[in-house]
Amino acid sequence: MNRNDIIALAEKFVFDAPGNCITETSALHPKCSGLTIYEAPIFAFGSVDDALYLKYKSSDVIGSHFISPVEWLPSSKTVISFFLPYNERIKTANATNCLWPADEWLHGRYEGQQLLKQLTEYLVKVISESGFKSLAPSMDQRYENIEFSSNWSERHIAYACGLGTFGLSKGIITKKGICGRFGSILTELDLPKDNRDYNNVYDYCTMCGVCIDRCPVHAISFEHGKKSLLCSDFLNVVREKHNPRFGCGKCQVNVPCESGIPTKA
């Protein structure tokens, strides 16, 4: 099994999965019936020995609770990070105003996360069955969230593997933009690694500040970045109305990094 095999399997799974299309019975509104959630995923492959993983244990990055790849799986050779971009219809719907998330976005966040989990489980299974032990830290029993942080951050893993850099809103900007969901897998399979084509955390962000004005609760600023508590409180309000669905994503749509890497002036 090689890199192309994994990417091809993932693409086929996403396009064939019933969960990638919102059914009439599950739709929050009739307009959402038939909605496609994800486009083709993109991948990056990194080394389990990357020096960044030691830096992530620093209190000014993630913290000592971060568990490195070789701590999750001592025999691992490769970190596989992938990004599932939202369909244009989801992004367009959520860009209509800055007050309340679109039904389409809520489906992307909730049903999209379910499909992401299914894809991750599938890839772990097929790689393991090919003879290489694999696991997904975010689905392992040791995984835990700790005060707006976790012991395995999909965004930080994506940055380390070369998928993209952070934006002012704390999302990761990839070549397919910032709108979507991330997953990752550790495996004994030794695959060729990607090089990071950036040097700094915010290299892809132009610091244009558009996401600041898009946030309905003013949680983003140049001075402080994104205040996670304000964001979380708003998500809880959305969850109360649409339980179990929740989300916002206003800082990710109608911005220069919505669907790609913005060009710096």
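1. Lys12 and Asp16 both belong to helix 1, where they sit 4 residues apart, which is about one turn of the helix. In this predicted model, the two side chains form a salt bridge, and the closest N and O atoms are 2.7 Å apart. Lys12 counts as exposed because its relative accessible area is 53%, and the cut-off for that word is over 50%. As background for a reader new to the subject, side chains of opposite charge can pair when their charged atoms come close.

2. Which residue pairs with Glu71 in a salt bridge? The partner is Lys57, and the N to O distance of this pair is 2.9 Å.

3. Arg3 and Asp194 form another salt bridge, in which the closest N and O atoms are 3.1 Å apart. Asp194 is found in the loop between strand 6 (180-187) and helix 7 (210-214), while Arg3 is in helix 1 (residues 3-16), so this pair ties together parts that are 191 residues apart in sequence. Asp194 has a relative accessibility of 28% and therefore counts as partly exposed. Arg3, at 22% relative accessibility, also counts as partly exposed, because the term buried is kept for values under 20%.

4. The pairs described above should be read against the whole structure, in which a search finds 9 salt bridges. Among them are the pair of Lys12 and Asp16, the pair of Glu71 and Lys57, and the pair of Asp194 and Arg3.

5. How many cavities of 30 Å³ or more does a search of the whole structure find? The search finds 1 such cavity, and about 120 Å³ of space lies in the largest cavity. The largest cavity is lined by 16 residues, and the closest to its centre are Ile173, Cys205, Cys208, Cys211 and Cys257.

6. The lining of the largest cavity can also be described by residue class, with 12 nonpolar residues, 4 polar residues and no charged residues. A student may wish to note that Cys and Ile count as nonpolar in this grouping, so the residues named as closest to the centre, Ile173, Cys205, Cys208, Cys211 and Cys257, belong to the nonpolar class.

Definitions and conventions: Residues are numbered from 1 along each chain as its sequence is written. This is a predicted model: local features need pLDDT of at least 70, side-chain atom pairs count only at pLDDT 80 or more; totals for chains, interfaces and linings use all residues. Side-chain values use heavy atoms; hydrogens and water are left out. A salt bridge is a side-chain nitrogen of Lys or Arg within 4 Å of a carboxyl oxygen of Asp or Glu. Helices (H or I, at least four residues) and strands (E, at least two) are DSSP runs, numbered from the N terminus. Buried means under 20% relative accessible area, exposed over 50%, partly exposed in between (1.4 Å probe, protein chains only). On a 1 Å grid over the protein atoms alone, a cavity is a set of points where a 1.4 Å probe fits but cannot get out, and a pocket is an open set with protein on both sides within 12 Å along at least five of seven lines; lining residues have an atom within 4 Å of a point. Grid points are joined across faces, edges and corners, and a volume is the space filled by probe spheres set on the points.
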